[in-house]
Amino acid sequence: MQTCHDARHTTQTLTAPEWWRTAVIYQIYPRSFADASGDGVGDLRGITRRLDDLADLGVDALWLSPFMVSPQKDAGYDVADYCDVDPLFGTLADFDEMLAAAHAREIRIIVDLVPNHSSDQHPWFQEALRAAPGSAERARYIFRDGRGPGGDQPPTNWDSIFGGPAWTRVTEEDGSPGQWYLHLFDSSQPDFNWENEEVREEFRRILRFWLDRGVDGFRVDVAHGMVKDPSFPDWSPNPEAASMGGDSAPAPYWEQPGVHEIYRDWHRLLAEYDGDRALCGEAWVSTIEKTALWVRPDEMHQTFNFHYLETPWEPAALRRIIDDSLRAFGAVGAPSTWVLSNHDVVRHATRLGLTAENPQGTGIGPDFPGLPEPQHALRRARAATALMLALPGSAYLYQGEELGLPEVLDIPDEARQDPTWFRTRGERYGRDGCRVPIPWESDAPAAGFSSSGRSWLPQPEGWGTFARDCQREDAGSTLSLYRRLLEVRRAYGLGEGTLRWLDPGELPGVAEGQSEDVLALSNQDVVVLANFGATPIPLPPGRHVLASSTELVAESGAPDREDRAPLLPQDAVVWLVSPENVPLI
Ligand code: NOJ
């Protein structure tokens with residue numbers, strides 16, 4: 001074990017240049033990660049206590065979803081004070097301790113920045129409510145007069161991402177019906193006016209506050225939505241598109257060119273600091289080519305590759321998006337990122353087995369048509385992760401995917417918390433199913449999430465069987481697979497490598513007509529095979545197996561033949577190294 005540990009930390013340390021180009025970044029959703037206080041909601045001290053597990057997993061950095069002061073109307077994405085920790089999660093001292101403990105383990109910390117909107121409890125919004133139309137206080141947000149007689153129609157027909165209208169009317173100080181304010185999300189999340197220099201200056205202050213504390217970067221929430229089309233035209237989205245964007249005709253509040261100047265400004269600000277601080281944009285943009293505009297050399301450093309996340313488990317589609325991503329990001333000198341799960345989408349250990357469409361953000365419940373057989377979906381998820389982690393660039397993991405956690409479908413209605421559920425009156429389940437507190441110890445209260453046994457979302461029956469302690473020593477577990485993949489990825493430098501596609505038709509034993517079910521590639525000295533088809537394929541002879549997403553099967557017949565090639569079954573990925581390249585680990 002000692003040697004594995006050493007291998008993990010030889011190629012990338014806290015002083016490595018531009019660490020974000022190749023890093024594997026693990027998303028912590030603090031309220032569901034580990035609860036040290038026993039109140040049923042995860043917290044910063046809980047994270048500190050579990051850092052050794054993350055070091056053992058082998059990740060390079062953590063991204064923490066918001067833990068700042070917030071009424072928690074959207075699980076912390078409604079911030080009331082950007083420069084303090086919500087008591088639910090601890091204190092600034094707890095944050096500093098966590099950061100230092102992570103850095104001591106050579107793990108970097110990225111925090112979530114929510115600049116598109118604040119909470120309605122933010123002092124600025126409270127001041128705006130008390131101030132008159134046209135005042136400087138209102139100009140920090142997007143207030144407009146209504147349409148129609150008496151101004152009782154919203155200024156545009158825009159819908160909120162969470163359902164219902166995107167405008168709410170206020171009552172003026174004198175009790176009369178007043179102006180409307182824009183909220184692309186919940187009515188408790190008023191959008192800032194990014195045309196206002198005071199807003200820009202305030203966010204520079206907030207960036208500096210966290211940079212001075214030592215954070216390594218920011219994940220920028222709704223990075224594609226901060227600037228709105230100044231003409232505020234009516235617009236209706238394509239119902240098939242992801243709720244946070246990605247429509248073929250961009251909405252007047254997504255992808256507006258004005259956002260880029262903000263990121264250039266932030267880029268310059270981060271560059272004043274040492275240590276390659278980085279910005280990662282959450283940008284749901286219509287095409288991968290446009291997504292690359294967010295990571296031009298003087299803008300953000302990374303952006304999530306949601307086009308990859310949304311690609312089905314099909315070889316041709318995957319090859320296309322991988323090529324397109326490397327080309328588009330490469331053209332602007334940025335790394336591609338890769339991601340399969342996060343706190344807004346159905347966990348990929350369920351999603352990859354679904355047969356029906358489920359637009360991002362909608363969520364699924366027990367009545368969803370075409371629910372997968374869990375083992376089948378998990379098998380695909382493991383294969384998908386093994387393919388993803390073989391790719392050059394930076395990869396994001398979402399807490400619990402290393403345990404093979406599925407989406408939780410049977411959350412009782414009264415326990416649901418996602419604003420999507422409320423704003424659509426239960427028509428859309430929303431995102432609670434991927435946010436259930438994760439299991440650590442199978443026999444402990446709340447499966448080790450909280451010593452008190454409390455859990456802000458109920459954990460389903462059998463959750464403990466996924467617990468880390470059951471998987472740690474099991475060589476076949478999903479946790480062991482992730483550890484191995486990360487270990488090999490680091491040792492062979494796959495993050496900084498170059499992808500080359502191999503012709504599966506030239507692999508010995510791959511029958512004609514079968515090659516379209518196979519993806520074969522090399523990166524550094526590692527050869528990766530992915531089999532999507534029902535017929536198992538033989539591994540090229542003489543190769544050493546570095547990692548495999550599932551158990552290989554034995555070739556049938558001729559059991560006494562010594563050169564019997566192991567076979568790669570359906571929905572499986574294997575990493576191989578040739579005998580000339582002595583296994584590094
Ligand atoms: C994107 C975040 O990931 C999501 O969880 C949140 O609800 C919206 N932005 C609004 O902040």
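Predicted model: local features only at pLDDT ≥ 70, side-chain atom pairs only at ≥ 80, totals over all residues.
Student: Where does the ligand sit?

Tutor: The ligand sits in the largest cavity. That wording requires more than half of its atoms to lie within 2 Å of the grid points of the cavity.

Student: Which residues are closest to the ligand, and how many surround it?

Tutor: 14 residues surround the ligand, and the closest are Asp 74, Asp 221, His 343, Asp 344 and Arg 431. By class, the shell divides into 7 charged, 5 nonpolar and 2 polar residues. Asp and Arg count as charged, so Asp 74, Asp 221, Asp 344 and Arg 431 belong to the charged class.

Student: How do you know that β6 and β8 pair?

Tutor: Pairing takes at least two bridges; β6 and β8 (residues 177-182) have 2, in the antiparallel sense, so they pair. In one of these strands, β8, Tyr 181 is the bridge partner of Phe 143.

Student: Why are β6 and β7 called edge strands?

Tutor: The open sheet has 3 strands in the order β6-β8-β7, with antiparallel pairing. β6 (143-144) and β7 (167-171) each pair on one side only, and are edge strands.

Student: What makes β19 and β20 a pair?

Tutor: The cut-off is at least two bridges, and β19 and β20 (residues 566-568) have 2 in the antiparallel sense, so they qualify. Leu 567 in β20 is the bridge partner of Val 553. Their open sheet of 3 strands runs in the order β17-β20-β19, with antiparallel pairing. Its edge strands are β17 (537-538) and β19 (553-554), each pairing on one side only.

Technical notes: Residues numbered from 1 in each chain as written. Heavy atoms only, no water. Helix = DSSP H or I, 4+ residues; strand = E, 2+ residues; numbered from the N terminus. Near = heavy atom within 4 Å. 1 Å grid on protein atoms, 1.4 Å probe; cavity = no way out; pocket = protein on both sides within 12 Å on 5 of 7 lines; lining within 4 Å.
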